Amino acid sequence: MDIFLQQVINGLVLGSVYALVALGYTMVYGILGLINFAHGEVVMVGAMVFLTAVSVLGGGPLVLSNSTIIVFAVLTAIFVCSILAFFIERIAYRPLRNAPRLAPLITAIGMSILLQNIAMMIWGRQYRTFPELFQIESYTFAGANVTNVQLFIVGISIAIMASLLAVIHLTKVGRAMRATAESPQIASLMGVNVNTVISLTFIIGAGLAAIAGVLVSANYSIAHYSMGFILGLKAFTAAVLGGIGNLTGAMVGGILLGLIESIGAGYIGDLTGGFMGSHYQDVFAFLVLIIVLVFRPTGIMGERVADRS
Amino acid sequence: MKKKIIAEISDITKTFGGLVALSNIDLNIKGGEIFGLIGPNGAGKTTLFNILTGMYRPTKGFFKLEDVELTRLPPHLIVKAGLARTFQNIRLFGTMTGLENVMVGCHVRTNIGVVGAILRHKGARQEEERIKDRARSLIDYVGLNASSAQAASTLSYGDQRRLEIARALATSPKVIALDEPAAGMNPTETSQLRELLVKIREDGITILLIEHDVKLVMGLCDTVAVLDYGIKIAEGTPSEIKSNPEVIRAYLGGDVP
């Protein structure tokens, strides 16, 4: 089996999920200049709601086909996460819109801890396994294995990212979002309802996060109340790597981070003579974060400096 | 012919801490006129614009447009009610194209909701086309020299000023407030601007104009008001203003001869 190709495939799968989550960070940062640290928890809630919806729909009186169950459960997860993100913004961020930068950062972290604990109370401390809703098939491709789930994850991620770019660049909603990202004040003086745009940004980001949550738990066949924390930090790293505030940057950063992590994990054992194993893969994400922050704080595609007048 | 009053500014006062930026300003702007607002730097002209457009809240007083009170409404609702503005220091959406800048201005007169716009059904696509057509025709109207497909920040200074006017016109205003539109323009650009302002007035849009180019103001405006240290010291036709001793004192300093 070709290790390199295998790690590239794993990296692309992981990277697509990072990219979806990173988009949520970058959109919110682009408009509010705020790091929404509760975003990782939205991903977790997406996964958990999906699992609950699957067990309710699957165990209900109606006999539904598996694909119907999946579609309804995903829609439920998106819906719940959107509502959740809407209220996160209203409760934790909007009252602090004009406060110093540090204040919403603290409420973001507080929100993250709060959501984790609420999730623990609702769904318990134990790992929850992903139901077998479909037959996992494995294909061998040039010496590397790829499953239908992995292909699906990459495919759906690309489709979603393409549609997001289309919405941002081709619709009036997207135009209003870009205008607000440049200057909320000027946008409002040109008739844009900035509060609506901000709510919408959170809702769209949460929709992407919900899908990412479903995908990541499908990939690892597992979900846990704390899964959003590290995932969120890594997606944030991906957003910084790509250039925070830049949508294409978040996608590129996500994929790149997934690849770095996977390939790094694949070879770290050989490189250190077995001293460090593949469970050190998390190290790479944060190594990347440090390197980017030191050498290119604007990220790969970010040309806009973070401060705005 | 007696024109109807379209905008009523009454007793507007604004203090910043102990500083009185505007004190009891009353202005009545008639429909279809060009109303000039002049005064030395720091007189409070831009502050008044900021109050009218909802950026600042007045300490006292009110502002009505066609008998509807707009004081203390959020900016986007004031735009919707029919007051649009441009900025002294150009504030375009720099990374967006010229056309997109104007299209943002069109949003306030559109009907398709958020979900419809995202799903891009037939009605939404038609509306998008209408927005684009309208934005294009406004860009022609103000006479942009460069391509409207380039990023706004790359346009020449004069074009950026024109684009700001097009973006404000895109909101279909009843009153358009222009904050020093001729600032930094060369004589050719200024005379093009004068033609544009006349054309806007002919099309029935009332203009509220802050300008330092006295020749432009005197030649163009129907009514002129003069602010000095936050107080309205004179109001009248350009010829009345020119001979007003208070105005001469404010501009030239010293005693009235």
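This briefing walks through a sheet in chain B and a helix in chain A. The model is predicted, so local features need pLDDT of at least 70 and side-chain atom pairs count only at pLDDT 80 or more, while totals for chains, interfaces and linings use all residues. Residues are numbered from 1 along each chain as its sequence is written, chains are lettered from A in the order in which they are written, and side-chain values use heavy atoms, leaving out hydrogens and water.

**Confidence**
- The predictor gives the complex an ipTM of 0.89 and a pTM of 0.90.
- Chain B has a mean pLDDT of 90, with 97% of its residues at 70 or more (pLDDT is the predictor's confidence in each residue, from 0 to 100).

**The sheet in chain B**
- An open, mixed sheet holds 6 strands in the order β6-β7-β8-β3-β9-β10 of chain B (strands are DSSP E runs of at least two residues, and two pair if DSSP finds at least two bridges between them).
- β6 (83-85) and β10 (231-236) of chain B are the edges; each has a single partner strand, so one side of each lacks a neighbour in the sheet.
- Strand β3 (residues 34-38) of chain B runs parallel to β9 (residues 223-228) of chain B, joined by 4 bridges.
- Within β9(B), B:Val226 is the bridge partner of B:Ile38.

**Helix α9 of chain A**
- α9(A) (residues 227-242) has 16 residues (helices are DSSP H or I runs of at least four residues).
- Of those 16 residues, 13 are buried, so α9(A) is largely enclosed by the rest of the structure (buried means under 20% relative accessible area, 1.4 Å probe, protein chains only).
- After α9(A) comes A:Gly243, with a positive phi near 110 degrees.

Methods. The expected span of a helix is 1.5 Å times one less than its number of residues. Buried means under 20% relative accessible area, exposed over 50%, partly exposed in between (1.4 Å probe, protein chains only).
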